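Student: I'd like to go through this model with you, pockets to begin with and then some individual residues. Can we take it one piece at a time?

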Amino acid sequence: ALYELPWGRGRRWGSDWNRVTDFFLGGVQMGGILRWYSGRPFTVFSGSNTLSQVVLTPASCNDCSPDLGSLTLENGNNVFFTPEQRAQFYVPEPGEASNVGRNFFTGPPLFNLDLTMGKRFRFDETRNLEFRMEVQNATNTPSFSVPDANLALTTGSFGQILGSTASTSRKVQFAMKFNF
């Protein structure tokens, strides 16, 4: 979204302003980009081939729903499944398929808000100086990745996210541009 504030000459408010007031208060723009995703589907693997020697079999799970799991902190590590939830998973018997299947679970959500604010100082019809402030991840919300490498029951770090993020921390930058 991009919105130019209605202040200054030729705008709703400030059409009677003098040139100096319009120079400092007119031409302000605000904008933003919001990204909000529910989470990526993923598969929990058993770590063994119970059906074929080609593809790992997905793990089976007792009383699991697709919304099982969320980001929690355990012993200083970010994990997606609590110890109780991890105990629900098991390796299917030889010749059996998983009872949950491929892409049954949904990973952590992603939320990111980028904002910008700009001010254009007009000198004449063709020349102006534009000052901008841009904020990436304005809410400083971490968005974690799906624990891809840790989705096999046989790994010691099963269900851990291990610090991989899909977003970065808040960044603020200022820019100035002379248009002619």
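Student: By class, what does the lining of the second largest pocket have?
Tutor: Its lining has 8 nonpolar, 7 polar and 1 charged residues, where Ala, Val, Leu, Ile, Met, Phe, Trp, Tyr, Cys and Pro count as nonpolar, Asp, Glu, Lys and Arg as charged, and the others, Gly among them, as polar. Keep in mind that this is a predicted model, in which local features need pLDDT of at least 70 and side-chain atom pairs count only at pLDDT 80 or more, while totals for chains, interfaces and linings use all residues. Residues are numbered from 1 along each chain as its sequence is written, and side-chain values use heavy atoms, with hydrogens and water left out.

Student: What volume does the second largest pocket have, and which residues are closest to its centre?
Tutor: The volume of the second largest pocket is about 180 Å³. It is lined by 16 residues, and those closest to its centre are Leu71, Phe80, Gly107, Pro108 and Pro109. A pocket here is an open set of points on a 1 Å grid over the protein atoms alone, where a 1.4 Å probe fits and protein lies on both sides within 12 Å along at least five of seven lines, and lining residues have an atom within 4 Å of a point.

Student: And what about the largest pocket, what is its volume?
Tutor: The largest pocket has a volume of about 400 Å³. Among the 16 residues that line the largest pocket, Arg9, Arg19, Asp22, Arg122 and Phe123 are the closest to its centre. Helix H1 (19–25) and strand E9 (110–122) are the elements that each give two or more residues to this lining; helices (H or I, at least four residues) and strands (E, at least two) are DSSP runs, numbered from the N terminus.

Student: How many charged residues does the lining of the largest pocket have?
Tutor: The lining of the largest pocket has 10 charged residues, together with 3 polar and 3 nonpolar ones.

Student: Changing topic: how many salt bridges does a search of the whole structure find?
Tutor: Over the whole structure the search finds 6 salt bridges, each being a side-chain nitrogen of Lys or Arg within 4 Å of a carboxyl oxygen of Asp or Glu.

Student: Which residues does arginine 132 pair with in salt bridges?
Tutor: Arginine 132 forms a salt bridge with glutamate 130, with the closest N and O atoms 3.0 Å apart, and another with glutamate 134, where the closest N and O atoms are 3.5 Å apart. Salt bridges with shared partners join Arg120, Glu130, Arg132, Glu134 and Lys177 into one network.

Student: Is glutamate 130 buried or exposed?
Tutor: Glutamate 130 is buried, at a relative accessible area of 7%, whereas glutamate 134 is partly exposed at 24%; buried means under 20%, exposed over 50% and partly exposed in between, with a 1.4 Å probe and protein chains only.

Student: Where is aspartate 124 found, and what does its side chain reach?
Tutor: Aspartate 124 is found in the loop between E9 and E10. Its side chain reaches the backbone nitrogen of arginine 127 at 2.9 Å, and a polar atom of the aspartate 124 side chain also lies 3.0 Å from the backbone nitrogen of threonine 126.

Student: Last one: what is methionine 117 in contact with?
Tutor: Methionine 117, which lies in strand E9, is in contact (heavy atoms within 4.5 Å) with Val28, Gln29, Met30, Phe131, Arg132 and Met133, leaving aside neighbours within four places in sequence. The C-alpha atoms of methionine 117 and glutamine 29 are separated by 5.7 Å, although these residues are 88 apart along the chain.

Note on methods. Grid points are joined across faces, edges and corners, and a volume is the space filled by probe spheres set on the points. A polar contact is a pair of N or O atoms within 3.5 Å; within protein, one must be able to donate a hydrogen and the other to accept it, and residues adjacent in sequence count only if both atoms are side-chain atoms.
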